[in-house]
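These are my notebook entries on a structure that I looked up.

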Amino acid sequence: MSAVATIEKPVRHAGLLGRALSFRRAQLGLATVVAIAAIAMLGPLVAPHSATSFVGAPYGDPTARALFGTDGLGRDVFSRFLWGGRSILAMSLAATVVGLAAGIAVGLTAAYVRGWADEVLMRLMDVALAFPQIVLVLLLVATLGPQPWLIVLTVGLGHAPRVARVTRAVALEVVERDFIKSAKALGEPAWRILGAEVLPNISSPLLVEFGLRLTYSIGAIAAIGFIGFGVQPPAADWGLMINENRIGLSIQPWSVLLPVLAIGLLTVGMNLFTDGIARASIGIDRGAAQ
Amino acid sequence: MLAAALIAIPASILIGVAGAVRRDRAVDHILSMASLVLAALPDFVIGILLVMLFATQVFHVLPAVTMLDNDVPIWRQAAQVILPAVTLDIAVIPYMARIMRASMIEVLESEYVQMARLKGMPPARVILRHALPNAMVPFIQVTALQLAWLAGGVVVVEFVFRFPGIGQALIDAVANRDLPVVQTLALLIGAVYVLLNTLADVATILLTPRLRTAHS
(Lines give C-alpha, C1' and ligand atoms only; values in the text may rest on other atoms or scores of the structure.)
Protein backbone atom coordinates (compact mmCIF):
# COMPACT_ATOMS: atom_id res chain seq x y z
CA MET A 1 0.00 0.00 0.00
CA SER A 2 2.78 2.39 0.85
CA ALA A 3 4.31 1.84 -2.58
CA VAL A 4 1.01 2.81 -4.15
CA ALA A 5 0.76 5.94 -2.06
CA THR A 6 4.19 7.20 -2.99
CA ILE A 7 3.58 7.15 -6.73
CA GLU A 8 2.19 10.66 -6.49
CA LYS A 9 4.01 12.59 -3.84
CA PRO A 10 1.79 14.70 -1.61
CA VAL A 11 2.87 18.32 -1.27
CA ARG A 12 5.33 18.62 1.57
CA HIS A 13 4.13 21.09 4.17
CA ALA A 14 7.59 22.28 5.07
CA GLY A 15 8.07 23.26 1.44
CA LEU A 16 4.69 24.94 1.23
CA LEU A 17 5.14 26.95 4.42
CA GLY A 18 8.65 27.86 3.42
CA ARG A 19 7.45 29.19 0.09
CA ALA A 20 4.58 31.03 1.79
CA LEU A 21 7.05 32.75 4.08
CA SER A 22 9.01 34.09 1.14
CA PHE A 23 6.28 36.73 0.79
CA ARG A 24 6.86 39.69 3.05
CA ARG A 25 3.11 40.00 3.71
CA ALA A 26 3.04 36.43 4.99
CA GLN A 27 6.03 37.03 7.28
CA LEU A 28 4.32 40.10 8.69
CA GLY A 29 1.08 38.14 9.12
CA LEU A 30 2.70 35.20 10.87
CA ALA A 31 4.68 37.48 13.20
CA THR A 32 1.49 39.32 14.18
CA VAL A 33 -0.43 36.12 14.80
CA VAL A 34 2.38 34.63 16.89
CA ALA A 35 2.70 37.82 18.94
CA ILE A 36 -1.04 38.07 19.70
CA ALA A 37 -1.32 34.33 20.35
CA ALA A 38 1.62 34.57 22.75
CA ILE A 39 -0.13 37.38 24.62
CA ALA A 40 -3.30 35.31 24.78
CA MET A 41 -1.59 32.09 25.94
CA LEU A 42 1.10 33.48 28.24
CA GLY A 43 -0.72 36.63 29.36
CA PRO A 44 -2.35 35.12 32.45
CA LEU A 45 1.11 34.07 33.72
CA VAL A 46 2.44 37.64 33.73
CA ALA A 47 -0.76 39.53 34.54
CA PRO A 48 -0.17 41.84 37.52
CA HIS A 49 -3.66 41.31 38.95
CA SER A 50 -6.37 38.67 38.68
CA ALA A 51 -9.03 39.26 36.05
CA THR A 52 -11.72 39.95 38.62
CA SER A 53 -10.02 41.84 41.47
CA PHE A 54 -10.81 45.50 41.98
CA VAL A 55 -7.77 47.79 41.93
CA GLY A 56 -9.20 51.31 41.75
CA ALA A 57 -12.07 53.61 40.94
CA PRO A 58 -14.16 52.87 37.80
CA TYR A 59 -12.69 54.19 34.53
CA GLY A 60 -9.52 55.33 36.28
CA ASP A 61 -6.67 56.82 34.25
CA PRO A 62 -3.50 54.81 33.66
CA THR A 63 -1.28 54.63 36.77
CA ALA A 64 1.72 52.56 37.84
CA ARG A 65 -0.69 50.14 39.59
CA ALA A 66 -3.02 49.82 36.60
CA LEU A 67 -0.93 50.30 33.47
CA PHE A 68 -3.85 51.00 31.13
CA GLY A 69 -6.28 52.31 33.72
CA THR A 70 -9.33 50.58 35.14
CA ASP A 71 -12.58 49.42 33.55
CA GLY A 72 -16.19 50.23 34.36
CA LEU A 73 -16.09 48.27 37.61
CA GLY A 74 -12.60 49.36 38.67
CA ARG A 75 -10.76 46.24 37.50
CA ASP A 76 -7.30 46.46 35.91
CA VAL A 77 -7.70 46.77 32.14
CA PHE A 78 -4.24 45.39 31.36
CA SER A 79 -4.74 42.25 33.48
CA ARG A 80 -8.15 41.60 31.98
CA PHE A 81 -6.64 42.05 28.54
CA LEU A 82 -3.92 39.51 29.32
CA TRP A 83 -6.51 37.05 30.66
CA GLY A 84 -9.11 37.57 27.98
CA GLY A 85 -7.41 36.11 24.91
CA ARG A 86 -7.44 32.46 25.87
CA SER A 87 -11.18 31.94 25.52
CA ILE A 88 -11.35 33.52 22.05
CA LEU A 89 -8.30 31.66 20.80
CA ALA A 90 -9.39 28.29 22.17
CA MET A 91 -12.99 28.62 20.99
CA SER A 92 -12.03 29.79 17.49
CA LEU A 93 -9.52 26.97 17.10
CA ALA A 94 -12.06 24.42 18.29
CA ALA A 95 -14.76 25.82 16.00
CA THR A 96 -12.41 25.76 13.01
CA VAL A 97 -11.41 22.15 13.69
CA VAL A 98 -15.07 21.11 14.04
CA GLY A 99 -16.02 22.93 10.83
CA LEU A 100 -13.09 21.57 8.86
CA ALA A 101 -13.62 18.01 10.06
CA ALA A 102 -17.33 18.06 9.23
CA GLY A 103 -16.79 19.83 5.90
CA ILE A 104 -13.96 17.52 4.82
CA ALA A 105 -15.97 14.43 5.76
CA VAL A 106 -18.99 15.57 3.72
CA GLY A 107 -16.91 16.85 0.79
CA LEU A 108 -14.77 13.71 0.53
CA THR A 109 -17.78 11.42 0.76
CA ALA A 110 -19.64 13.39 -1.90
CA ALA A 111 -16.65 13.36 -4.25
CA TYR A 112 -16.01 9.65 -3.71
CA VAL A 113 -19.49 8.16 -3.97
CA ARG A 114 -20.83 10.60 -6.64
CA GLY A 115 -24.35 9.94 -7.97
CA TRP A 116 -27.48 10.80 -6.03
CA ALA A 117 -25.78 10.78 -2.62
CA ASP A 118 -23.44 13.50 -3.90
CA GLU A 119 -26.44 15.53 -5.12
CA VAL A 120 -28.30 15.17 -1.83
CA LEU A 121 -25.27 16.06 0.30
CA MET A 122 -24.30 19.10 -1.72
CA ARG A 123 -27.87 20.44 -2.02
CA LEU A 124 -28.13 20.07 1.78
CA MET A 125 -24.94 22.11 2.07
CA ASP A 126 -26.43 24.76 -0.25
CA VAL A 127 -29.44 25.05 2.02
CA ALA A 128 -27.20 25.41 5.08
CA LEU A 129 -25.17 28.03 3.23
CA ALA A 130 -28.29 30.11 2.68
CA PHE A 131 -28.57 31.08 6.32
CA PRO A 132 -26.54 33.77 8.10
CA GLN A 133 -24.26 32.25 10.71
CA ILE A 134 -24.77 34.87 13.39
CA VAL A 135 -28.56 34.49 13.18
CA LEU A 136 -28.20 30.73 13.55
CA VAL A 137 -26.08 31.21 16.66
CA LEU A 138 -28.59 33.66 18.11
CA LEU A 139 -31.43 31.25 17.35
CA LEU A 140 -29.72 28.43 19.25
CA VAL A 141 -28.59 30.65 22.11
CA ALA A 142 -32.20 31.79 22.49
CA THR A 143 -33.32 28.19 22.96
CA LEU A 144 -30.40 26.60 24.83
CA GLY A 145 -28.70 29.52 26.57
CA PRO A 146 -25.19 30.93 26.06
CA GLN A 147 -23.03 27.78 26.36
CA PRO A 148 -19.46 27.83 25.04
CA TRP A 149 -19.75 24.35 23.47
CA LEU A 150 -22.92 25.38 21.69
CA ILE A 151 -21.21 28.42 20.17
CA VAL A 152 -18.16 26.41 19.13
CA LEU A 153 -20.43 23.81 17.54
CA THR A 154 -22.66 26.26 15.63
CA VAL A 155 -19.82 28.48 14.42
CA GLY A 156 -17.93 25.34 13.39
CA LEU A 157 -20.82 23.69 11.62
CA GLY A 158 -21.57 27.04 9.99
CA HIS A 159 -18.19 26.70 8.23
CA ALA A 160 -18.86 23.14 7.10
CA PRO A 161 -20.80 23.88 3.87
CA ARG A 162 -18.07 26.07 2.38
CA VAL A 163 -15.34 23.65 3.43
CA ALA A 164 -17.36 20.79 1.94
CA ARG A 165 -17.65 22.63 -1.39
CA VAL A 166 -13.92 23.31 -1.57
CA THR A 167 -13.03 19.75 -0.50
CA ARG A 168 -15.38 18.19 -3.04
CA ALA A 169 -14.11 20.41 -5.84
CA VAL A 170 -10.45 19.50 -5.31
CA ALA A 171 -11.13 15.85 -4.40
CA LEU A 172 -13.17 15.20 -7.57
CA GLU A 173 -10.02 15.37 -9.63
CA VAL A 174 -7.95 13.25 -7.24
CA VAL A 175 -10.41 10.34 -6.99
CA GLU A 176 -10.15 9.86 -10.76
CA ARG A 177 -6.40 9.19 -10.64
CA ASP A 178 -4.87 5.78 -11.16
CA PHE A 179 -3.51 5.20 -7.69
CA ILE A 180 -7.03 5.43 -6.28
CA LYS A 181 -8.13 2.75 -8.73
CA SER A 182 -5.22 0.55 -7.66
CA ALA A 183 -6.09 1.08 -4.01
CA LYS A 184 -9.67 0.04 -4.77
CA ALA A 185 -8.43 -3.00 -6.68
CA LEU A 186 -6.26 -3.95 -3.71
CA GLY A 187 -9.45 -4.00 -1.64
CA GLU A 188 -8.70 -1.13 0.66
CA PRO A 189 -11.75 0.02 2.63
CA ALA A 190 -13.28 3.33 1.51
CA TRP A 191 -12.43 5.23 4.71
CA ARG A 192 -8.80 4.24 4.26
CA ILE A 193 -8.70 5.33 0.65
CA LEU A 194 -10.20 8.68 1.57
CA GLY A 195 -8.04 9.21 4.64
CA ALA A 196 -4.69 7.86 3.49
CA GLU A 197 -4.80 8.33 -0.29
CA VAL A 198 -7.06 11.27 -1.15
CA LEU A 199 -6.62 13.52 1.87
CA PRO A 200 -2.82 13.98 1.65
CA ASN A 201 -3.20 15.00 -1.98
CA ILE A 202 -5.60 17.82 -1.26
CA SER A 203 -3.80 19.07 1.84
CA SER A 204 -2.60 22.40 0.48
CA PRO A 205 -6.01 23.83 -0.51
CA LEU A 206 -7.32 22.54 2.81
CA LEU A 207 -4.53 24.33 4.66
CA VAL A 208 -5.60 27.56 2.96
CA GLU A 209 -9.20 26.80 3.91
CA PHE A 210 -8.12 26.24 7.52
CA GLY A 211 -6.47 29.66 7.69
CA LEU A 212 -9.47 31.35 6.09
CA ARG A 213 -11.97 29.64 8.40
CA LEU A 214 -9.81 30.44 11.43
CA THR A 215 -9.91 34.12 10.48
CA TYR A 216 -13.69 34.03 10.25
CA SER A 217 -14.01 31.96 13.45
CA ILE A 218 -12.06 34.56 15.40
CA GLY A 219 -14.28 37.30 14.00
CA ALA A 220 -17.48 35.38 14.70
CA ILE A 221 -16.52 34.25 18.22
CA ALA A 222 -15.36 37.75 19.11
CA ALA A 223 -18.60 39.20 17.73
CA ILE A 224 -20.68 36.76 19.76
CA GLY A 225 -18.72 37.70 22.88
CA PHE A 226 -19.21 41.34 21.98
CA ILE A 227 -23.00 41.13 21.74
CA GLY A 228 -22.95 39.38 25.11
CA PHE A 229 -23.80 35.77 24.31
CA GLY A 230 -20.33 34.25 24.52
CA VAL A 231 -18.23 34.01 27.67
CA GLN A 232 -20.33 35.33 30.54
CA PRO A 233 -19.17 37.93 33.08
CA PRO A 234 -17.23 38.22 35.34
CA ALA A 235 -14.75 36.18 33.26
CA ALA A 236 -12.40 38.17 31.04
CA ASP A 237 -12.86 37.91 27.28
CA TRP A 238 -11.81 40.36 24.58
CA GLY A 239 -15.24 40.47 22.96
CA LEU A 240 -16.96 40.87 26.32
CA MET A 241 -14.51 43.60 27.41
CA ILE A 242 -15.48 45.73 24.41
CA ASN A 243 -19.13 45.30 25.27
CA GLU A 244 -18.65 46.12 28.96
CA ASN A 245 -16.58 49.21 28.44
CA ARG A 246 -17.85 50.91 25.33
CA ILE A 247 -20.19 53.09 27.41
CA GLY A 248 -17.06 54.65 28.89
CA LEU A 249 -15.35 55.00 25.53
CA SER A 250 -15.02 58.76 25.75
CA ILE A 251 -13.44 58.75 29.24
CA GLN A 252 -11.33 55.60 29.22
CA PRO A 253 -10.58 54.38 25.67
CA TRP A 254 -7.91 51.78 26.63
CA SER A 255 -10.40 49.24 27.96
CA VAL A 256 -11.99 49.11 24.50
CA LEU A 257 -8.97 49.85 22.34
CA LEU A 258 -6.73 47.03 23.65
CA PRO A 259 -9.13 44.15 22.87
CA VAL A 260 -10.26 45.77 19.60
CA LEU A 261 -6.66 46.07 18.43
CA ALA A 262 -5.85 42.52 19.51
CA ILE A 263 -8.80 41.04 17.64
CA GLY A 264 -8.15 43.20 14.59
CA LEU A 265 -4.43 42.38 14.43
CA LEU A 266 -5.12 38.68 14.95
CA THR A 267 -7.59 38.44 12.06
CA VAL A 268 -5.56 40.66 9.72
CA GLY A 269 -2.36 38.73 10.50
CA MET A 270 -4.09 35.41 9.97
CA ASN A 271 -5.50 36.59 6.65
CA LEU A 272 -2.13 37.88 5.39
CA PHE A 273 -0.47 34.58 6.31
CA THR A 274 -3.24 32.56 4.66
CA ASP A 275 -2.93 34.69 1.55
CA GLY A 276 0.77 33.80 1.47
CA ILE A 277 -0.02 30.08 1.72
CA ALA A 278 -2.62 30.41 -1.03
CA ARG A 279 -0.14 32.13 -3.35
CA ALA A 280 2.54 29.57 -2.55
CA SER A 281 0.24 26.59 -3.17
CA ILE A 282 -0.85 27.99 -6.54
CA GLY A 283 2.82 28.19 -7.43
CA ILE A 284 3.40 24.56 -6.39
CA ASP A 285 0.36 23.29 -8.30
CA ARG A 286 1.49 25.13 -11.41
CA GLY A 287 4.95 23.66 -11.02
CA ALA A 288 3.49 20.17 -10.70
CA ALA A 289 1.30 20.62 -13.78
CA GLN A 290 4.15 21.62 -16.04
CA MET B 1 -29.06 49.53 5.24
CA LEU B 2 -30.12 50.43 1.77
CA ALA B 3 -27.72 53.36 2.05
CA ALA B 4 -24.81 50.96 2.52
CA ALA B 5 -25.84 48.91 -0.50
CA LEU B 6 -26.27 51.97 -2.69
CA ILE B 7 -22.71 53.05 -1.96
CA ALA B 8 -21.16 49.60 -1.97
CA ILE B 9 -22.15 48.49 -5.47
CA PRO B 10 -20.76 51.40 -7.55
CA ALA B 11 -17.75 51.80 -5.25
CA SER B 12 -16.67 48.19 -5.56
CA ILE B 13 -17.20 48.16 -9.33
CA LEU B 14 -15.01 51.24 -9.56
CA ILE B 15 -12.29 49.84 -7.29
CA GLY B 16 -12.34 46.46 -9.00
CA VAL B 17 -12.12 47.93 -12.50
CA ALA B 18 -9.40 50.34 -11.43
CA GLY B 19 -7.39 47.42 -10.04
CA ALA B 20 -7.89 45.35 -13.19
CA VAL B 21 -7.03 48.10 -15.66
CA ARG B 22 -3.91 49.13 -13.76
CA ARG B 23 -3.03 45.52 -13.06
CA ASP B 24 0.25 44.93 -11.19
CA ARG B 25 0.96 48.65 -10.95
CA ALA B 26 1.21 50.53 -7.68
CA VAL B 27 -2.52 51.36 -7.59
CA ASP B 28 -3.42 47.69 -7.91
CA HIS B 29 -1.00 46.63 -5.17
CA ILE B 30 -2.26 49.26 -2.76
CA LEU B 31 -5.88 48.37 -3.46
CA SER B 32 -5.30 44.63 -3.06
CA MET B 33 -3.34 45.08 0.16
CA ALA B 34 -6.04 47.35 1.57
CA SER B 35 -8.79 44.92 0.63
CA LEU B 36 -6.88 42.04 2.20
CA VAL B 37 -6.56 43.92 5.49
CA LEU B 38 -10.12 45.26 5.53
CA ALA B 39 -11.63 41.92 4.53
CA ALA B 40 -10.09 40.31 7.60
CA LEU B 41 -11.33 42.85 10.13
CA PRO B 42 -14.56 41.80 11.87
CA ASP B 43 -17.36 44.31 11.23
CA PHE B 44 -17.72 45.40 14.84
CA VAL B 45 -13.99 46.12 15.08
CA ILE B 46 -14.34 48.45 12.08
CA GLY B 47 -17.39 50.03 13.69
CA ILE B 48 -15.70 50.73 17.00
CA LEU B 49 -12.55 52.07 15.38
CA LEU B 50 -14.75 54.42 13.32
CA VAL B 51 -16.58 55.54 16.45
CA MET B 52 -13.27 56.27 18.15
CA LEU B 53 -12.02 58.15 15.12
CA PHE B 54 -15.09 60.23 14.24
CA ALA B 55 -17.27 60.34 17.33
CA THR B 56 -15.27 60.19 20.55
CA GLN B 57 -11.48 60.33 20.65
CA VAL B 58 -10.13 62.14 17.61
CA PHE B 59 -12.91 64.13 15.96
CA HIS B 60 -16.34 64.91 17.31
CA VAL B 61 -18.20 65.21 14.06
CA LEU B 62 -20.66 62.31 13.95
CA PRO B 63 -22.98 60.71 16.51
CA ALA B 64 -21.59 57.54 18.14
CA VAL B 65 -25.03 56.00 18.59
CA THR B 66 -27.90 56.19 16.17
CA MET B 67 -30.97 57.90 17.59
CA LEU B 68 -33.54 57.94 14.84
CA ASP B 69 -36.69 59.97 15.21
CA ASN B 70 -39.44 57.97 13.52
CA ASP B 71 -41.48 61.03 12.65
CA VAL B 72 -38.71 62.63 10.58
CA PRO B 73 -37.86 61.16 7.16
CA ILE B 74 -34.51 59.40 7.17
CA TRP B 75 -32.78 61.72 4.68
CA ARG B 76 -33.33 64.66 7.07
CA GLN B 77 -31.30 62.85 9.75
CA ALA B 78 -28.63 61.46 7.45
CA ALA B 79 -25.81 62.22 9.91
CA GLN B 80 -27.23 59.50 12.17
CA VAL B 81 -26.84 56.88 9.48
CA ILE B 82 -23.38 57.74 8.12
CA LEU B 83 -21.25 55.72 10.55
CA PRO B 84 -23.31 52.49 10.47
CA ALA B 85 -23.56 52.65 6.68
CA VAL B 86 -19.83 53.29 6.23
CA THR B 87 -19.03 50.41 8.60
CA LEU B 88 -21.10 48.00 6.54
CA ASP B 89 -19.55 49.33 3.35
CA ILE B 90 -16.03 48.77 4.59
CA ALA B 91 -17.03 45.25 5.55
CA VAL B 92 -18.49 44.26 2.16
CA ILE B 93 -16.60 46.31 -0.45
CA PRO B 94 -13.29 44.35 -0.27
CA TYR B 95 -14.91 41.06 -1.36
CA MET B 96 -16.97 42.63 -4.09
CA ALA B 97 -14.03 44.63 -5.41
CA ARG B 98 -11.81 41.52 -5.49
CA ILE B 99 -14.31 39.53 -7.51
CA MET B 100 -14.83 42.49 -9.84
CA ARG B 101 -11.07 42.77 -10.36
CA ALA B 102 -10.62 39.05 -11.02
CA SER B 103 -13.46 38.77 -13.52
CA MET B 104 -12.48 42.05 -15.22
CA ILE B 105 -8.92 40.78 -15.69
CA GLU B 106 -10.25 37.58 -17.20
CA VAL B 107 -12.49 39.49 -19.63
CA LEU B 108 -9.76 41.98 -20.56
CA GLU B 109 -7.58 39.07 -21.67
CA SER B 110 -10.29 37.61 -23.91
CA GLU B 111 -10.14 37.71 -27.69
CA TYR B 112 -13.12 39.96 -28.31
CA VAL B 113 -11.62 42.68 -26.12
CA GLN B 114 -8.39 42.36 -28.08
CA MET B 115 -10.45 42.58 -31.27
CA ALA B 116 -12.18 45.75 -30.07
CA ARG B 117 -8.82 47.27 -29.24
CA LEU B 118 -7.39 46.32 -32.63
CA LYS B 119 -10.32 48.04 -34.31
CA GLY B 120 -8.94 51.19 -32.73
CA MET B 121 -11.71 51.88 -30.27
CA PRO B 122 -10.99 54.35 -27.48
CA PRO B 123 -9.88 52.44 -24.34
CA ALA B 124 -12.69 53.88 -22.23
CA ARG B 125 -15.28 52.54 -24.66
CA VAL B 126 -13.65 49.12 -24.77
CA ILE B 127 -13.77 48.90 -21.00
CA LEU B 128 -17.26 50.27 -20.50
CA ARG B 129 -19.08 48.81 -23.48
CA HIS B 130 -17.26 45.56 -24.22
CA ALA B 131 -15.62 44.33 -21.04
CA LEU B 132 -17.79 45.58 -18.18
CA PRO B 133 -21.15 43.90 -18.97
CA ASN B 134 -19.47 40.50 -19.29
CA ALA B 135 -17.41 40.97 -16.17
CA MET B 136 -20.58 41.79 -14.22
CA VAL B 137 -21.98 38.24 -14.08
CA PRO B 138 -19.82 36.75 -11.29
CA PHE B 139 -19.94 40.13 -9.58
CA ILE B 140 -23.73 40.05 -9.36
CA GLN B 141 -23.70 36.64 -7.71
CA VAL B 142 -21.20 37.79 -5.10
CA THR B 143 -23.07 41.05 -4.59
CA ALA B 144 -26.25 39.13 -3.83
CA LEU B 145 -24.39 36.96 -1.31
CA GLN B 146 -22.81 40.03 0.28
CA LEU B 147 -26.07 41.95 0.47
CA ALA B 148 -27.70 38.89 1.96
CA TRP B 149 -24.82 38.81 4.38
CA LEU B 150 -25.67 42.43 5.22
CA ALA B 151 -29.06 41.24 6.42
CA GLY B 152 -27.30 39.05 8.99
CA GLY B 153 -24.13 41.08 9.55
CA VAL B 154 -26.28 44.04 10.30
CA VAL B 155 -27.10 42.34 13.62
CA VAL B 156 -23.68 43.04 15.12
CA VAL B 157 -23.23 46.46 13.49
CA GLU B 158 -26.64 47.61 14.70
CA PHE B 159 -25.57 46.56 18.17
CA VAL B 160 -22.41 48.67 17.92
CA PHE B 161 -24.39 51.81 17.08
CA ARG B 162 -27.53 50.93 19.01
CA PHE B 163 -29.30 51.34 15.68
CA PRO B 164 -33.02 50.69 16.20
CA GLY B 165 -33.39 48.00 13.55
CA ILE B 166 -34.05 44.32 12.96
CA GLY B 167 -30.68 43.18 14.33
CA GLN B 168 -30.95 45.10 17.57
CA ALA B 169 -34.48 43.71 17.94
CA LEU B 170 -33.13 40.18 17.44
CA ILE B 171 -30.42 40.60 20.07
CA ASP B 172 -32.89 42.04 22.57
CA ALA B 173 -35.29 39.19 21.90
CA VAL B 174 -32.54 36.59 22.42
CA ALA B 175 -31.43 38.25 25.64
CA ASN B 176 -35.03 38.11 26.89
CA ARG B 177 -35.57 34.57 25.57
CA ASP B 178 -38.52 35.92 23.61
CA LEU B 179 -38.79 32.92 21.29
CA PRO B 180 -41.69 33.94 18.99
CA VAL B 181 -39.93 37.22 18.18
CA VAL B 182 -36.63 35.41 17.57
CA GLN B 183 -38.35 32.97 15.23
CA THR B 184 -40.10 35.70 13.30
CA LEU B 185 -36.96 37.78 12.84
CA ALA B 186 -34.85 34.76 11.83
CA LEU B 187 -37.50 33.87 9.27
CA LEU B 188 -37.53 37.44 7.94
CA ILE B 189 -33.76 37.50 7.55
CA GLY B 190 -33.90 34.09 5.85
CA ALA B 191 -36.52 35.44 3.47
CA VAL B 192 -34.27 38.37 2.54
CA TYR B 193 -31.55 35.83 1.71
CA VAL B 194 -33.80 33.86 -0.61
CA LEU B 195 -35.18 37.00 -2.26
CA LEU B 196 -31.74 38.49 -2.97
CA ASN B 197 -30.43 35.23 -4.42
CA THR B 198 -33.46 34.99 -6.70
CA LEU B 199 -32.95 38.59 -7.85
CA ALA B 200 -29.29 37.82 -8.59
CA ASP B 201 -30.28 34.83 -10.73
CA VAL B 202 -32.74 36.98 -12.67
CA ALA B 203 -30.10 39.69 -13.21
CA THR B 204 -27.60 37.07 -14.39
CA ILE B 205 -30.08 35.75 -16.94
CA LEU B 206 -30.80 39.27 -18.19
CA LEU B 207 -27.09 39.98 -18.62
CA THR B 208 -26.21 36.72 -20.37
CA PRO B 209 -27.63 36.52 -23.90
CA ARG B 210 -27.14 32.74 -24.01
CA LEU B 211 -29.40 32.26 -20.99
CA ARG B 212 -31.82 35.02 -22.05
CA THR B 213 -32.69 33.39 -25.33
CA ALA B 214 -32.48 29.77 -24.20
CA HIS B 215 -36.26 29.21 -24.24
CA SER B 216 -37.27 30.97 -27.42
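**Entry 1: confidence in chain B.** Confidence in chain B is lowest in helix α1 (residues 2-21), at a mean of 65, and highest in helix α7 (residues 166-175), at 82. I noted that helices (H or I, at least four residues) and strands (E, at least two) are DSSP runs, numbered from the N terminus. The average pLDDT of chain B is 75, and 75% of the residues score at least 70.

I recorded the conventions: residues are numbered from 1 along each chain as its sequence is written, and chains are lettered from A and ligands numbered from 1 in the order in which they are written. This is a predicted model in which local features need pLDDT of at least 70, side-chain atom pairs count only at pLDDT 80 or more, and totals for chains, interfaces and linings use all residues, while side-chain values use heavy atoms, with hydrogens and water left out.

Entry 2: Chain A averages a pLDDT of 79, with 91% of the residues scoring at least 70. Its lowest confidence is in helix α1 (residues 2-5) of chain A, at a mean of 45, and its highest is in α5(A), at 87. Over residues 1-8 of chain A the pLDDT is below 50, and beyond near neighbours in sequence this stretch has ten contacts in the model (contact means heavy atoms within 4.5 Å). For the complex, the predictor gives an ipTM of 0.73 and a pTM of 0.79.

**Entry 3: the fold of chain A.** I found 13 helices and zero strands in chain A. Its C-alpha atoms fill a box of roughly 75 × 45 × 25 Å, taken along the principal axes. I then checked helix α5 (residues 85-113) of chain A: at 1.5 Å a residue, its 29 residues should span 42 Å, and the end C-alpha atoms are 42 Å apart, which agrees. The expected span is 1.5 Å times one less than the number of residues. Just after α5(A), Arg114(A) has a positive phi of about 55°.

**Entry 4: a helix pair within chain B.** At what angle do α6(B) and α8(B) pack? Helix α6 (residues 123-161) and helix α8 (residues 179-207) of chain B pack at about 175°, with their axes 9 Å apart. Axes are lines fitted to C-alpha atoms, for helices over the stretch in contact, and angles run from 0 to 180 degrees between N-to-C directions. That makes α6(B) roughly antiparallel to α8(B); angles under 35 degrees count as roughly parallel, over 145 as roughly antiparallel, 65 to 115 as roughly perpendicular and the rest as oblique. Among the residues that meet are Trp149(B) in α6(B) and Tyr193(B) in α8(B).

**Entry 5: a helix pair between the chains.** Helix α7 (residues 133-144) of chain A packs with α7(B) at about 25°, the axes being 9 Å apart. That makes α7(A) roughly parallel to α7(B). Val135(A), Leu138(A), Val141(A) and Ala142(A) in α7(A) meet Leu170(B), Ile171(B) and Val174(B) in α7(B).

Technical notes:
pLDDT = per-residue confidence, 0-100.
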